[in-house]
Amino acid sequence: MFIEIDNGSGFCFGVTTAISKAEEELNNTGHLYCLGDIVHNSNEVERLKHKGLETITHDQLKQLHDVKVLLRAHGEPPETYEIARRNNIEIIDATCPVVLQLQRRINKCYNSVEQPPQIVIYGKRGHAEVNGLVGQTQGNALVIESLEEIDKIDFSRDIYLYSQTTKSLQGFKAIVEEIGKRIEPGVQFKSYDTICRSVANRIPQIRQFAKRHELILFVCGSKSSNGKILFAECLDANGNSHMISNESEIDTAWLEGKHSIGICGATSTPRWLMNQVKNYIEQHITT
């Protein structure tokens with residue numbers, strides 16, 4: 001049996017940086033607060049918890065004083081920084097540069113005119129990154145999760161459309177096209193493709209990877225937005241694809257009669273976890 005781990009899978013730059021910053025502080029002090037799960041993968045969160053990383057909520061942040069808190073790659077709204085300033089909290093900022101640039105663009109757009117424009121964000125409502133983006137508009141941006149929600153937009157007002165960095169490029173283009181059809185005469189419409197290419201560029205690569213194998217095991221946390229997008233591509237390219245969070249979820253019946261198995265994952269999936277899945281399969285084969 002041939003088992004291959006996809007070379008393109010694993011942490012993106014933003015996640016790698018956040019975890020490196022966390023581990024550096026943990027190696028020095030043995031304890032660090034993190035605002036929300038550092039990555040949407042429970043296995044990696046648990047690994048770092050054992051090293052001293054303590055995940056907190058926004059409500060808990062308000063109760064802390066004189067401590068260090070890591071802000072993960074997803075980014076935070078301005079309010080979080082203000083709470084930290086008031087409570088003398090030292091921020092270790094691991095906001096992804098791509099997300100940070102997007103925050104600044106939305107903030108500038110919203111605050112550049114006396115009458116704030118209609119800012120629309122294509123993204124998952126309540127997602128940490130989206131909360132940070134909406135925060136740049138004092139909570140006034142409109143979030144739409146899919147083409148089905150496009151009726152929420154006021155087509156008689158100027159529209160500035162942005163996207164959560166990990167959303168589907170195909171979905172974004174469909175929304176742009178539909179707004180273009182509905183916009184009223186004389187109304188300005190500007191769209192900004194702000195989707196991170198570390199996800200978008202992986203789609204053709206992961207489709208090819210999925211086609212090369214008889215069975216695909218896609219390792220991913222249930223909260224990962226980009227994971228859902230990438231797994232959908234795997235499933236479309238290879239109907240014998242399964243999403244698992246770790247090796248304990250493997251049904252050994254899937255392995256029977258297979259000569260080629262591919263293991264891949266999201267940008268929030270650690271390499272060590274994919275290796276663990278591979279080791280499990282190898283042990284199962286030899287027993």
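Which exposed residues does the face of α1 turned away from its buried side carry? The model is a predicted one.

1. The exposed residues on the face of α1 turned away from its buried side are F13, E24, N27 and N28.

2. Helix α1 runs over residues 13-29 and has 17 residues. From its first C-alpha to its last it reaches 24 Å, which is close to the 24 Å expected at 1.5 Å a residue.

3. The buried residues in α1 include G14, V15, A18 and I19. A22, E25 and L26 are buried in this helix as well. These residues lie on the same side of α1, because they cover an arc of only 130° around the axis.

4. What lies over the buried residues of α1? The cover includes the strands β2 (32-35), β3 (53-56), β4 (68-71) and β5 (90-93). Helix α2 (42-50) is also part of what covers them.

5. After α1 comes G30. The phi of G30 is positive, near 80°.

6. D66 is not a glycine, yet its phi is positive, at about 55°. Where is D66 found? It sits in the loop between α3 (58-63) and β4. The relative accessible area of D66 is 57%, and exposed means over 50%, so D66 is exposed.

7. N88 also has a positive phi, of about 55°, although it is not a glycine. The loop that holds N88 lies between α4 (78-86) and β5. With a relative accessible area of 53%, N88 is exposed.

8. How many disulfides does a search of the whole structure find? It finds zero. C220 is in no disulfide, and the nearest cysteine sulfur, that of C264, is 9.9 Å away. C220 is buried, with a relative accessible area of 2%.

9. C264 is in no disulfide either. For C264, the nearest cysteine sulfur is that of C234, at 3.9 Å. This distance is also not within 2.5 Å, so the pair does not count as a disulfide. Is C264 buried or exposed? C264 counts as buried, at 0% relative accessibility.

Terms used:
Residues are numbered from 1 along each chain as its sequence is written. This is a predicted model: local features need pLDDT of at least 70, side-chain atom pairs count only at pLDDT 80 or more; totals for chains, interfaces and linings use all residues. Side-chain values use heavy atoms; hydrogens and water are left out. Helices (H or I, at least four residues) and strands (E, at least two) are DSSP runs, numbered from the N terminus. The expected span of a helix is 1.5 Å times one less than its number of residues. Buried means under 20% relative accessible area, exposed over 50%, partly exposed in between (1.4 Å probe, protein chains only). The arc is that of the directions from the helix axis to the C-beta atoms. Contact means heavy atoms within 4.5 Å.
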